[in-house]
Amino acid sequence: MGSAGAWVSEAIPIASAVVDDLEALVREHAGFVYRVAYAVLRNRADAEDAAQETFLRVVRQRGRLAAVREPRAWLARIAWRAALDRRRRARPEVSLDDAAAAVRGLRAAGAGAEQVASDAQMLTLLERLIASLPRELREALTLSTVEEMTSAEVAAALGIPEASVRTRVFRARQLLREKLAAVLEGKHER
Amino acid sequence: MSDKQNERFVDELLDASLARYGRGEAPAGLEERVLEELRARPAPSVWAWGWPAAARWQWAAAGVAALVLLAGVSYFTRSPAPQPAPVAQAPEAPALVPAAPVETPTPVPPAPAPHPNALATSRFHRRPEGRLGAGPRLAQFPSPAPLSEQEQLLLRYAQQAAPEQLAASSLGQGKLAELRIEPLRIPPLNSEPN
């Protein structure tokens with residue numbers, strides 16, 4: 001913490017309490033911010049970049065730090081937006097057919113649900129299926145998959161009521177289940 | 001596999017996959033790299049232009065509001081441009097403050113006909129002539145004007161008639177005689193309780 005005051009601004013002195021808050025925020029929540037970004041971007045390097053961008057945005061808004069009551073929800077919202085901005089720039093296409101064929105092959109070979117789930121192709125398939133959901137359902141589901149995010153934090157990040165989060169997540173899982181079943185039976189839409 | 005087994009497999013697979021989906025472990029040393037990045041970048045200036053960023057918007061909004069107010073005030077309080085004296089004017093009309101020279105009227109092109117679909121003209125169009133500010137400003141308010149025929153007759157009568165005669169004429173004699181004031185009758189107060 002000794003060098004904390006030096007990095008935020010050389011030219012403009014800022015209250016050391018704010019600088020300490022910023023550094024504490026990074027140390028405490030960087031992993032969480034990364035996971036929120038990763039849930040959106042599905043790429044480690046992009047997620048780390050989004051985490052960096054998130055804290056840069058925090059620095060720009062440091063005047064608000066003292067007024068933030070729920071730092072995790074606040075950070076999740078910023079990370080969410082940073083990740084979405086990054087995803088808009090580049091979104092590599094993933095072949096749904098290849099992933100579906102690989103998953104069907106695993107299942108035909110007698111692999112259990114956990115074994116199939118741990119396969120990279122299944123992850124790719126899930127990404128594609130989630131990407132095909134309506135935006136509102138996709139957003140709620142994506143954030144709710146981040147391990148430590150409560151529905152209240154998801155609601156705060158998306159700016160919607162908590163009850164809406166639960167409804168959307170439930171509906172998203174229903175749709176995903178239907179799509180996954182269709183894929184496993186080879187009846188999915190191309 | 002039966003349908004029931006299929007359904008159970010899909011449920012388990014979905015649960016397991018979603019659990020893994022959001023399990024991205026943060027890479028080691030992420031916090032230090034974030035802090036290094038923040039140290040390396042110059043902090044965005046909070047005091048650009050010498051004002052805090054938030055205050056800048058407030059000042060800009062206040063400036064715009066002041067300009068609008070100023071424009072409104074100047075629009076509603078401005079005096080009309082000096083205009084040529086009216087052609088037909090009473091001989092006793094007072095002198096005008098700005099002695100505007102009488103110019104020969106130049107032919108004014110006819111105003112374009114309004115578009116048939118035009119619902120309303122601009123809210124900021126000029127006030128129609130003939131209301132406030134239609135004529136030149138006069139030296140005295142209210143402006144003295146020549147007496148009408150009735151006023152001249154009344155003035156002549158007032159100068160010639162005696163005061164009693166004037167009082168009697170303002171309130172007719174018959175009405176004075178009819179005027180009666182009833183004596184006041186106030187009943188005594190009842191001090192006993194009900």
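Reader: How many salt bridges does the rule find across the interface of chain B and chain A?

Author: This is a predicted model, in which local features need pLDDT of at least 70, side-chain atom pairs count only at pLDDT 80 or more, and totals for chains, interfaces and linings use all residues, while side-chain values use heavy atoms, with hydrogens and water left out. Residues are numbered from 1 along each chain as its sequence is written, and chains are lettered from A and ligands numbered from 1 in the order in which they are written. A salt bridge here is a side-chain nitrogen of Lys or Arg within 4 Å of a carboxyl oxygen of Asp or Glu. Across the interface of chain B and chain A, the number that the rule finds is five.

Reader: Which residue of chain B meets the side chain of Arg27(A) in a salt bridge?

Author: Side chains of opposite charge can pair when their charged atoms come close. The partner of Arg27(A) lies at 2.6 Å, N to O. The pair crosses between chains, from helix H2 of chain A to helix H2 of chain B, where helices are DSSP runs (H or I, at least four residues) numbered from the N terminus. The partner is Glu32(B).

Reader: How much area do chain B and chain A bury between them?

Author: Contact, meaning heavy atoms within 4.5 Å, joins 36 residues of chain B with 47 residues of chain A. Buried area is the accessible area (1.4 Å probe) that two parts lose on being put together, summed over both. Of the area buried here, 66% is on carbon and sulfur atoms, and the value is about 4,000 Å².

Reader: What is the volume of the largest cavity?

Author: On a 1 Å grid over the protein atoms alone, a cavity is a set of points where a 1.4 Å probe fits but cannot get out, and lining residues have an atom within 4 Å of a point. Grid points are joined across faces, edges and corners, and a volume is the space filled by probe spheres set on the points. The structure holds two cavities of 30 Å³ or more, and the volume of the largest is about 100 Å³.

Reader: Which residue of chain B is among the closest to the centre of the largest cavity?

Author: The largest cavity is lined by 13 residues. Those closest to its centre include Arg87(A), Ile130(A), Arg138(A) and Thr142(A), and from chain B, Tyr21(B).

Notes:
On a 1 Å grid over the protein atoms alone, a cavity is a set of points where a 1.4 Å probe fits but cannot get out, and a pocket is an open set with protein on both sides within 12 Å along at least five of seven lines; lining residues have an atom within 4 Å of a point. Helices (H or I, at least four residues) and strands (E, at least two) are DSSP runs, numbered from the N terminus.
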